[in-house]
Amino acid sequence: MADSSEVRVRFAPSPTGELHVGGARTALFNWLYAKHHGGAFILRIEDTDKGRSSEESVQGIFDALSWLGLDWDEGPLYQSERLDLYRDYVSLLMNSGHAYYCFCSAEEIEAKRQEAQEQGDGWRYDGTCRDLSADEVQAKLDADAPKVVRFKVPTEGTTVVKDQVHGDVSFERDNLEDFVLLRSDEKPTYHLSNVVDDIEMGITHVIRGADHLPNTPKQILVYEALDAKLPVFAHPPLILGEDKKRLSKRHGATSVTHFRDKGYLPGAVVNYLALLGWSPGDDREVFTLHELTKEFSLERVNSSNAVFDPEKLAWLNGKYISEVPAGELLNSVRDALSNRGCWREELDMERRDYIFALIDLWQSRSRTINELADNIAPFLTEAFPYLPDAVNAHIKGKELLGPLQAVREAFGKVDPWSQEELEATLRQLAESLEMDAADLIHASRVAVIGKASSPGIFEVLELMGRNSTDARLDRMLRYLGKVQAAQPATSQTAG
RNA sequence: GGCCCCAUCGUCUAGCCAGGUUAGGACACCGGCCUUUCAAGCCGGCGACACGGGUUCAAAUCCCGUUGGGGCUACCA
């Protein structure tokens, strides 16, 4: 592409909380667009509202973007460090007659707004200070009256937003109010700082959520007043919660960090987010970041809002986990296992094959890294719990003490300790005991990992090894013994 | 209230711009195969063009309206 090197896009979050999936999707689309066109992806922190901004949020945004793999080429720029720049631009606008001082107090305006509201009407700034004479203005300034700077919106005509997602969207200027550019504390508002920075940074494409579409005509007016070149605008649809309202904290955990902590893979999250509002146009659904970069285009971003579906994300994550080589999962599994107090140094050394085999065995049965770790944990510690469901289904109310004792003894003679030998031994035993092999299998499974389900039990046993299997069968025998001893006393409480 | 956006299975979507499809795929759900169990995998099923008018031989597709949903309407961004 001839003009590819000129693409400059930015992600401009305000650091007022964790990066949520909506913001992440916006960042992703910008990043993809930049990479697709060989352009620059720039990070800008919109922290002009110091009261709502925080250091932790800034750091959280960095961490979340890095985790997702969305590295930035320039920045981060902080708007709070560029305050003089915005004031310079305000002077420009004042001098060219595009802006004016407004001395109306916030209270006065709020009162008028209230009144209009009670009448069931909306209210726009009424232009009280729009046509103050030079003398009047000077008098107020001399009196050191509090003031803001407002943009003088042309009273007539139409402003058209040429949006890459929505097409041409027209706004009557008559419906736009004289919005504030500079607050009484001389800090810029969003409309000012956002436009000034986009101009200063040479932003060519503004890609942001559809909630900004109604603001865009105001910003276009500022561009025009400044005689600046307009960027291309694109407003991808919003991401909604299950109730169809814009996704927010009330919808539960939707921050990127949350998914990271729950054991989601960044690739899966990115992949899922890309599919919210964009599609390749065919049936493909699984994409690497690299593939997305190749395929992405604003043309294929659709214009209707999308409901965030945690189920599908979980499915995608499970697909990633089951298809990725065990080695790629090792680091995150190690972390998760360490958190559970189950990691041992030897798993990185002489027992490395063991952890790989465990991951391999369980990865297709786990939708998150946390689930994977939960599944693997019983293999690394003898202190695993017998899950109630498993006990109820396969242990409770069955005569297992004798049979399991027989299993324990039979396994003691198994040689070599292989899944074939183990299976042959158990099935033979079941036959001689005139039992269903399945009953012995299920009971053994609960005995060795405490669960009702697992990969093939003989594979599990082979991997677990003779000593551990013996110990676990012994534990179950002791447990059964205790239950039996306690039986008469507790029989009334059953059910 | 005003302004703006949007409308295909419960959800994400393809198809719409350049009208003619048994309206396709995915998640979820249900069933089957596999199997000692649970997943994975494979096979199958359920399930949608919001409504009403136009235009046209023909409308999911183009136009208008209605309804519904969402967003904006701050000295937040």
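Reader: What should I know about the model and its numbering before I start?

Author: The model is predicted: local features need pLDDT of at least 70, side-chain atom pairs count only at pLDDT 80 or more, and totals for chains, interfaces and linings use all residues. Residues are numbered from 1 along each chain as its sequence is written, while chains are lettered from A and ligands numbered from 1 in the order in which they are written.

Reader: How many helices and strands does chain A have?

Author: Helices (H or I, at least four residues) and strands (E, at least two) are DSSP runs, numbered from the N terminus. Chain A has 20 helices and 12 strands.

Reader: Why is chain A described as more spread out than a compact globule?

Author: The radius of gyration is taken over C-alpha atoms, and the globule rule is 2.2 Å times the number of residues to the power 0.38. For the 495 residues of chain A the rule gives 23 Å, but the radius is 32 Å, well over that, so the chain is more spread out than a compact globule. Its C-alpha atoms fill a box of roughly 110 × 60 × 40 Å along the principal axes.

Reader: How do strands form a sheet, and what is the order in the open sheet of three strands?

Author: Strands of a sheet pair through backbone hydrogen bonds, either parallel or antiparallel. Two strands count as paired if DSSP finds at least two bridges between them. Here the order is 4-5-8, with antiparallel pairing. Strand 4 (99-102) and strand 8 (180-182) are the edge strands, each pairing on one side only. Four bridges join strand 4 to strand 5 (residues 148-151), and Tyr100 stands opposite Arg150 in strand 5.

Reader: Is Asp198 buried or exposed?

Author: A residue is buried if 20 or more other C-beta atoms lie within 10 Å of its own, exposed if 12 or fewer, and partly exposed in between, with C-beta atoms placed from the backbone. Asp198 counts as buried because it has 23 C-beta neighbours inside 10 Å. The residue lies in helix 6 (residues 190-200).

Reader: Which residues come nearest to RNA strand B?

Author: A residue is near a strand if its C-beta atom, placed from the backbone, lies within 6 Å of it. Of the 63 residues around RNA strand B, Glu46, Gly122, Ser304, Ser453 and Gly456 come nearest. Helix 11 gives the most to this surface, with five residues.
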